[in-house]
Each structure stands twice: as structure tokens, then as C-alpha cells.
Amino acid sequence: MEITNVTEYDAIAKQKLPKMVYDYYASGAEDQWTLQENRNAFARILFRPRILIDVSKIDMTTTVLGFKISMPIMVAPTAMQKMAHPDGEYATARAASAAGTIMTLSSWATSSVEEVASTGPGIRFFQLYVYKNRNVVEQLVRRAERAGFKAIALTVDTPRLGRRESDIKNRFTLPPNLTLKNFEGLDLGKMDEANDSGLASYVAGQIDRTLSWKDVQWLQTITKLPILVKGVLTGEDARIAIQAGAAGIIVSNHGARQLDYVPATISALEEVVKATQGRIPVFLDGGVRRGTDVFKALALGASGIFIGRPVVFSLAAEGEAGVRKVLQMLRDEFELTMALSGCRSLKEISRNHITTEWDTPRPLARL
């Protein structure tokens, strides 16, 4: 059966993958309220399309941290992709590169920074977890830099792992044939079996709970790469991120996998954008499944979006071809949304193109 949208890959992945693996990718924290809300909040934003505009030529290109990409749709960091498909991160890297966009490699990838770099050219960012052992962090950042990665996406919402109940029930652990490749030589590549979630135990043992803003500044002393702060949900933290020297912000609730009952990212986006006052770019991840979602995020001030689960689900279903197809479908839908809204370039997408529940009713326009 022909796949016609991104969401259809979810059911195929569920059929194909072992339960432990599918549940790991699919689940959110606790009641999974935020998991649903990440999608539902998009559905409550409506369009105000402008008509009779020549939309015969549409330009979706943009620049991110100075790098030109084909569209404002990028690949979010997702862990352990070889659980989804033997080609894992290699396939994702090739698909992103073919689509002319950016891939973010997870710290907890099942392929190393060097292996991903070896797949060929492409603009790649590296997602970083800060380990208790700072030498490990320094080595990792240096390796990413040497391998040609262009930015660090520092995850700041995970001093502890969120409570993901299916991982506890399934006693989730990394399958024995796989390792967290970036840590293999450091004896941190394996996850022990645990009575609950093996990943939660790993995080408790290795990830630094003392992480604070001063560490964002420390990171800038060990690398020249720009730092994106990933996991900001408030205007207050957006302002501090700028003061701390962040090159950009990713509004993210970690795919609703950390603190449940935080708002959907699309609901938190505008507060963060307003707080930054245009000084640094703001990106969004969480719940993007349609080109219409991409347009809504840009209308609310995002410079681009990242997709996570659609990548692992399409990877599970069809490998590299699946990831390529997801990126192409989102691109095509986004282009169509732009045309039907009367926008020919990203800079023409404005706040007036959408209406949200929190908008004050607009006075009737006088001619």
C-alpha cells in the first residue's frame, strides 16, 4: 500500500519492531499527556490564507547558523537507531544529506561520529549529554569537531531521565549486539540489565545532575562550535541562554519523554521567540507530522523545525528510503501549504497567516 503521509509509518514500525524497541521510541513520560498535546496543540492553530498571489515560484531555502539548507525541516537527535534498522544512523545521515538538510547525531547513537562522517558530505550537528566525567565530554566534543560536525546541541532537560513506564515494564536495555558507539572505547558503551529501565539506571550513573548555566559557558571554553541549547520552554530561560552565549535555542520537551504536563512545544514557542527579540534563532521539535505544522511553527517565529520519531519509524519500515520519503513528504506538504497561504518565501510567512486560541480577537480591518 502506498504511503501518503508521515504518520502512516508509525503503524508499520509497530508491526516490524520488537515491542521493547517500538515502545522505547514511541512512549512519553508518565500519563503521556504532553505526548498527545504535542500533536493536539498544532490542531488548534488555524490558517488565515491570503489569496490571489502569484505562487508559481516558491523558495523554501534558509540558512541555519550560516549554513544553507534546502528547507527549514531538519533531523532531530534520536538515540540508538540501529535498533530500528541495521543501517541505523548511516541511513539517516545519507537521507538528510540527499534532502539537503541537517542531521543531528545523538550522543547515544549506535554509530560513532567518525562513522557518520564517513557516509559522505553533509551538514551535521552533534547532540551532547554532559557526563559526570568531564574528560569524556571534552573528548567527545573534540571528536565531533574533528569529524566535521558544525554545532553542538546541548540537551538541558535531562538531569535525570523521565519516567517512561513502558521502559520499566519492558525492562528496556540496549540489545546485546549493539553499543553506544561514541562511548565504546571509554567503557561506557554498554547498558546494564536493571530491575526497571536500563537506560534510566545508565543516566543515573553517568549523566551529571549538577549541570548548570556555568557549564554552558565552560563548554564554550573547550570548543569553537556554536552551541544550541535544546530543551528551553520559558521566556526566562531563553533570556538566560542568550546571556550565557548560546548561538540558538531549540524549544523542546524531549518528545514529551521528560516532564509530563509541560505545554506542547508549539504552545511554548511564541513566549520563547518574544523573549529572544530576534537576537538568536529559535527552533522547535516535538509533534511535527505535517507540512502544515512546519508552517505554523514558522508563523509563530521559529527559524526551523526538527523531526524525531518520524525518522526512526520510517527507518524501521524502509531504511534510508523511508527517511528520504518522510523528508520529501514534509517538504512537498510544506510547499503546498505555503502556496495555498500565499507565501513565496519563508520571510513572507507571518504571524497574520495563522490564528491561535490565545489571540485577542482582531478588530475588523477597515478598507
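Visitor: What radius of gyration would a compact globule with 367 residues have, and what does the protein have?

Guide: A compact globule with 367 residues would have a radius of gyration near 21 Å, and the protein has 20 Å, which agrees. Please bear in mind that this is a predicted model.

Visitor: What box do the C-alpha atoms fill?

Guide: Taken along the principal axes, the box filled by the C-alpha atoms is roughly 70 × 50 × 40 Å.

Visitor: How many helices and strands are there?

Guide: The secondary structure consists of 13 helices and 12 strands.

Visitor: What part of the contacts joins residues 24 or more positions apart?

Guide: Among contacts with a separation of 6 or more, 73% are between residues 24 or more positions apart.

Visitor: And the charges: how many positive and negative side chains, and how far apart are the centres of the two sets?

Guide: The protein has 45 positive and 40 negative side chains. The centres of these two sets lie 3 Å apart.

Visitor: Let us turn to individual residues. Where is E320?

Guide: E320 is in helix α13, which covers residues 309-341.

Visitor: What does the side chain of E320 make a polar contact with?

Guide: The partner is the side chain of R324, at 2.9 Å. Beyond four places in sequence, E320 touches A91, R94, A95 and L315.

Visitor: What about G319: buried or exposed?

Guide: G319, also placed in helix α13, has a relative accessible area of 1%. That value lies under 20%, the limit for a buried residue, so G319 is buried.

Visitor: Which residues is G319 in contact with, leaving aside neighbours within four places?

Guide: They are H85, A91 and S314. H85 is 234 residues away from G319 in sequence, yet their C-alpha atoms are 6.3 Å apart in space.

Visitor: Staying with α13, what can be said of E335?

Guide: E335 has its place in helix α13 and is partly exposed, with a relative accessible area of 31%. Apart from residues up to four places away, E335 touches I58 and M60.

Visitor: How far is E335 from E271?

Guide: The two are 64 residues apart in sequence, and their C-alpha atoms are 26 Å apart in space.

Visitor: Is E270 buried or exposed?

Guide: E270 is buried, at a relative accessible area of 11%.

Visitor: On to the backbone. What is phi of R171, and where is R171 found?

Guide: Phi of R171 is near 50 degrees, a positive value in a residue other than glycine. R171 is found in the loop between α7 (165-169) and α8 (198-206), and is partly exposed with a relative accessible area of 45%.

Visitor: And what is phi of Q277?

Guide: Q277 has a positive phi of about 50 degrees, although Q277 is not a glycine. Q277 is found in the loop between α11 and β10 (282-285) and counts as exposed, at 62% relative accessibility.

Visitor: Two lysines to finish. Where does K150 lie, and which residues does K150 touch?

Guide: K150 lies in the loop between α6 (134-146) and β7 (151-155) and is partly exposed at 32% relative accessibility. With residues up to four places away set aside, K150 touches F67, I123, R124, F125, L225 and P226.

Methods: Residues numbered from 1 in each chain as written. Predicted model: local features only at pLDDT ≥ 70, side-chain atom pairs only at ≥ 80, totals over all residues. Heavy atoms only, no water. Helix = DSSP H or I, 4+ residues; strand = E, 2+ residues; numbered from the N terminus. Polar contact = N/O pair within 3.5 Å; in protein donor to acceptor, adjacent residues only side chain to side chain. Contact = heavy atoms within 4.5 Å. Rg over C-alpha atoms; globule rule 2.2 N^0.38 Å. Lys, Arg positive; Asp, Glu negative; His and termini not counted. Charge placed at Lys NZ, Arg CZ, Asp CG, Glu CD. Buried < 20%, exposed > 50% of the residue type's maximum accessible area, 1.4 Å probe, protein only.
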